[in-house]
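Okay, thanks everyone for coming. Let me put the sequence and the model up on the screen, and then we'll go through it together.

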Amino acid sequence: MNRRDFLFAAGAMLPAAAITKALAESGHVQHNNGEATAGKRTGQGYMPVHTPNGWTLPHKMVDGVKEFHLVAEEIEHEFAPGSKAKCWGYNGTTPGPTLEAVEGDRVRIFVTNRLPEHTSIHWHGLILPAGMDGVSGVTQPAIQPGETFVYEFTLQQHGTHMYHPHADEMVQLAMGMMGMFIIHPKHGEADPVDRDYAILLHNWAMHPGTSRPDPAVMQEFDLWTMNSKVFPAIDSLVAKTGERVRIRIGNLSMWNHPIHLHGVQFHVTGSDGGRWLKNQWRSEVTEIVGVGQARDIEFIAVPGDWAFHCHMSHHTMNAMGHDIPNTLGVDQSGIESEIRKLLPGYMAMGEHGMAEHQEHTDSGHMRGPDNTLPMMMGKGQFGNIEMGGMFTLVKARDDMAPGDFSDPGWYQHPSGTVARRISSSPDYGSPARRGTPASKRSEALPTPSRKNPHDHH
Ligand SMILES: [Cu+2]
């Protein structure tokens, strides 16, 4: 009897879960990770996922069923020190806690609604009975304020999944209601990982000076987040040199995000479709995580501090990075102070670029609007990082203990391996150049202090 015949014959008398179980036991179900190994596991039977800035929801075992309890509610959230908001989330946080289970588990998930309006939860990407799909109006009545609903189903797959409301979605997602649902393969993984990170991407319209996200915005967002935090408040992803690291990235924002990691060619190894067969892995340095998609990337940790960020350059900025006049090359003496009389906290793009922005805000002489983060933030061992939003660092060290997720500080570069200054003259060397420079170099330079002594007027 082949698999199809078996399904056909069995289907008449067995419920779907029993069929899946029977197939698994008979070896007919193909596991995406190829031949199974014990892998590196804990007492729970799997390497637990680590949600930076977040947490994993504890569960109770009740008669062989894993019980979880999610509470939808309004919360006080901090994107980074200096920017607080009233958001909506689950069990006190946005994103909600990560749910974690194993393929084959039966799960029972209670959902209590403490929001001022109805809600539901859709288990994004999960294979389940239609009535458990969480689409209000279609598969269930909405969960009214104060009510608790229960979802119960058997996990028939593994992979990087998500959960979010399917009721007044535009508002509820914009307010932060989302979380990750990680399902580990039943039989472990070939090439098991040593560290397993989960990151959910989102965007927020937190207009400068306000304290609630604006759900009406479609494109012009102010904050771009990993697990609802902006750089530099996003935890570094740490690893020991040589460890296999997986970063699971889900996207429930309104934009696609090309996620880029420095220092390695990673493999894209999986998605909401589970861990892919090894011959489907792709070597990349940037992977677009589309809206509603999940992607897993894996790499062997190389020592250093390595930027990990969205490559849309406005997505690595905080508020006020958009819709500003282009004043590159414009002498703005006097204009900014005039505008500031009308709009306190206004800062124009600089005449020589925007790098000066962080210096102004850091020094405190330029105070932005209330409850609004500077556009660029972060200090590294070599100066201002001038980043915000979807940006953090992978920090790999030779002496990191397994399972230690604490930030090891800045990388101590071996001597002779850091880029260094060898001249302060713009006329240094004789590089090949084409075209006509727009100005004599003395005019192009921003400050007299850097003038070349050979230059005479
Ligand atoms: Cu992006």
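So, how many bridges join β4 to strand β9, and do those strands run parallel or antiparallel? There are 4 bridges between β4 and β9 (residues 179-184), and the two run parallel. Within that pair, leucine 99 sits opposite phenylalanine 181 of β9. When I say two strands pair, I mean DSSP finds at least two bridges between them. As a reminder, strands in a sheet pair through backbone hydrogen bonds, either parallel or antiparallel.

Before I go on, the ground rules. What you're looking at is a predicted model, where local features need pLDDT of at least 70, side-chain atom pairs count only at pLDDT 80 or more, and totals for chains, interfaces and linings use all residues. Residue numbers start from 1 along each chain as its sequence is written.

On pLDDT, that's the predictor's confidence in each residue, from 0 to 100. The mean for the protein chain is 84, and 75% of its residues reach 70 or more. Residues 1-39 stay under 50, and the model has 36 contacts beyond four places in sequence for them. Residues 449-457 are also below 50, with 9 contacts beyond near neighbours in sequence. A contact here is two residues whose C-beta atoms, placed from the backbone, lie within 7 Å.

Now the overall picture. Of the contacts between residues at least 6 apart in sequence, 73% join residues at least 24 apart. Buried residues make up 37% of the 457 in the chain. Buried means 20 or more other C-beta atoms within 10 Å of the residue's own, exposed means 12 or fewer, and partly exposed is in between, again with C-beta atoms placed from the backbone.

Back to the sheets. β4 and β9 belong to an open sheet of 4 strands, ordered β4-β9-β8-β6, with mixed pairing. β4 and β6 (122-124) each have a single partner strand, so one side of each has no neighbour in the sheet. On average, neighbouring strands are turned by 25° against each other, direction ignored. For angles, axes are lines fitted to C-alpha atoms, for helices over the stretch in contact, and the values run from 0 to 180 degrees between N-to-C directions.

There's also an open sheet of 5 strands, β12-β23-β20-β14-β18, with mixed pairing. Its edge strands are β12 and β18 (286-289), and the twist averages 20° from one strand to the next. Inside it, β14 (residues 257-261) and β20 (residues 304-310) run antiparallel, joined by 3 bridges. Leucine 261 faces phenylalanine 308 there.

Most residues other than glycine have a negative phi, and most peptide bonds are trans. Here, threonine 94 and proline 95 are joined by a cis bond, omega about -10°, and proline 95 is in the loop between β3 (83-90) and β4 (99-102). Phenylalanine 231 and proline 232 have a cis bond as well, omega about 5°.

Proline 232 lies in the loop between β11 (223-226) and β12 (237-240), and asparagine 227 is found in the loop between β11 and β12 too. Asparagine 227 has a positive phi of about 50° and is buried, with 25 other C-beta atoms within 10 Å. Glutamate 386, in strand β22 (residues 383-387), has a positive phi near 55°. Glutamate 386 is buried as well, with 21 other C-beta atoms within 10 Å.
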